[in-house]
Amino acid sequence: MKKLVIALTTLWSVNAIAQNKANDGDWKLNYVVLKGTPQADIMIRGGDIDNLSFGWEEKFDPFSGKSTPPHGYPWTPDTAFKGTDMIMLPSSMGKKDAACGGDGYSGQYESNMSQFKASVLPIHLPLQIPQDFTIQSAILQLFADDFQSPVFCSSFQVTLNGKRAPFMENALNKLNQTGPIGKLLTFEIPAEFLPLLKEKELVILIDDPQTSAADGFAIDFIKLLINPKPGAITRNSIEITVNDEATGLGIAEAIVELPNGTIYKTDKNGKLMLKDLPNGHHPLKITHCNYQDLFAGVDAEEGKKTQDPFVMSPKQ
């Protein structure tokens, strides 16, 4: 198994952003339930908001959708809220040689066993929602760190209370968080999953049980918004371009599909505006009758208005 081990040291500045907010509660707390926040009828958060104990750079807002600068590893796990603030390794890792090498998280395993889990830990988020409470919609956010499926050939699966959640898998498997770096992901929970929120807890399991890829990862915190209010989360619109690989020209009428089923079509210059995306990473499926399907991703971030062009290869 190829092992890539890089030790990085980062000096973090004191974050000037207030860290006790009406939307999130005290960032230092590992479990918070708030009712009637500016964002939602109920907010439930698991894990402290501290960038895996490294802290945040000056004025960095973890809810902006931007990626953190690279940070060091390994670190001493914070077990106050299990499944967060610790390096976790896929359960299939090591069962056979990893086809695409391995990252620094997994490469440190043998010499730092106390820092790691041989397998992933599920995240148990207590819900405490009254049975007579009406759930109309929900948003799940998580701060993900060092997922690198495009590089290390991993294929993560996500279950919510044992039910596969492909709407989350699509995003995680498009992340390339070399560094390692972290980023907020925002998921609008489909209607068929909402009954799970009436159970005693929401159990989130992220794992790659099949590929043997050496792709370690970490989660800083998770945040559940139940009945989010209009404008509850920061959204951004971003212009993308789809180009022909050979000519570099824009491809007209390319179809761009988001995980929630929203479909766009490029104009005559291969451009389109993706509107009102929640800040964070979003996988895209781009198709055209004359080109090979393209699976890519776009990062919605505060202040970001355009994305590097996507390139499609003509069908043979």
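**Stop one: the largest pocket**

Select helix 3 (166–172), strand 11 (182–188), strand 17 (271–278) and strand 18 (280–288): each gives at least two residues to the lining of the largest pocket. Helices (H or I, at least four residues) and strands (E, at least two) are DSSP runs, numbered from the N terminus. This is a predicted model, in which local features need pLDDT of at least 70 and side-chain atom pairs count only at pLDDT 80 or more, while totals for chains, interfaces and linings use all residues. Residues are numbered from 1 along each chain as its sequence is written, and side-chain values use heavy atoms, with hydrogens and water left out.

Now select Thr 186, Glu 188, Pro 259, Asn 260 and His 282, which lie nearest the centre of the pocket among its 19 lining residues. Strand 17 supplies the largest share of that lining, 4 residues.

**Stop two: around Ile 206**

Select Ile 206 and show its contacts (heavy atoms within 4.5 Å). Leaving aside neighbours within four places in sequence, its partners include Val 120, Leu 142, Phe 147, Leu 172 and Ile 219.

**Stop three: the whole chain**

Zoom out. The chain has 3 helices and 20 strands. Its C-alpha atoms fill a box of roughly 55 × 50 × 40 Å along the principal axes. Of the contacts between residues at least 6 apart in sequence, 74% join residues at least 24 apart. Buried residues (under 20% relative accessible area, 1.4 Å probe, protein chains only) make up 53% of the 316 residues.

Definitions and conventions: On a 1 Å grid over the protein atoms alone, a cavity is a set of points where a 1.4 Å probe fits but cannot get out, and a pocket is an open set with protein on both sides within 12 Å along at least five of seven lines; lining residues have an atom within 4 Å of a point. Buried means under 20% relative accessible area, exposed over 50%, partly exposed in between (1.4 Å probe, protein chains only).
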